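Colleague: Could we take a careful look at a single part of this model, please?

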Amino acid sequence: KYLKYHIIGSRNIDYIKLLGNPSLYLNKNDKYLLVCDKGIQSMDVSKILNRKGYHTESLDGGIEKYKK
């Protein structure tokens with residue numbers, strides 16, 4: 001789905017890889033918007049990353065809502 005619908009400038013990172021080694025992809029001084037198909041998985045990942053000291057939010061409704 002990333003190739004068909006994505007936000008310009010975004011990166012597609014597998015959430016398992018992201019959670020396994022977030023410092024490889026994220027900087028704790030920056031803010032990030034996480035996006036998935038419907039906003040459910042990105043919300044869960046965002047909560048986990050925020051507990052680890054990262055600054056993330058999830059796009060409400062995911063890419064499905066964004067593309068409308």
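What covers the buried residues of α2?

Modeller: This is a predicted model, in which local features need pLDDT of at least 70 and side-chain atom pairs count only at pLDDT 80 or more, while totals for chains, interfaces and linings use all residues. Residues are numbered from 1 along each chain as its sequence is written, and side-chain values use heavy atoms, with hydrogens and water left out.

The cover of the buried residues of α2 includes α1, β1 (31-34) and β2 (55-58), where helices (H or I, at least four residues) and strands (E, at least two) are DSSP runs numbered from the N terminus, and contact means heavy atoms within 4.5 Å. The buried residues themselves (under 20% relative accessible area, with exposed being over 50% and partly exposed in between, for a 1.4 Å probe and protein chains only) are S42, V45, S46 and L49. Because they cover an arc of only 105 degrees around the axis, they lie on the same side of α2, the arc being that of the directions from the helix axis to the C-beta atoms. The face turned away from this buried side carries the exposed residues I40 and R51.

Within α2 (residues 40-51) sits S46, which is buried with a relative accessible area of 5%. Leaving aside residues up to four places away in sequence, S46 touches L34, T56, E57 and S58. The side chains of S46 and T56 are also joined by a polar contact of 2.7 Å, a term for a pair of N or O atoms within 3.5 Å, of which, within protein, one must be able to donate a hydrogen and the other to accept it, residues adjacent in sequence counting only if both atoms are side-chain atoms.
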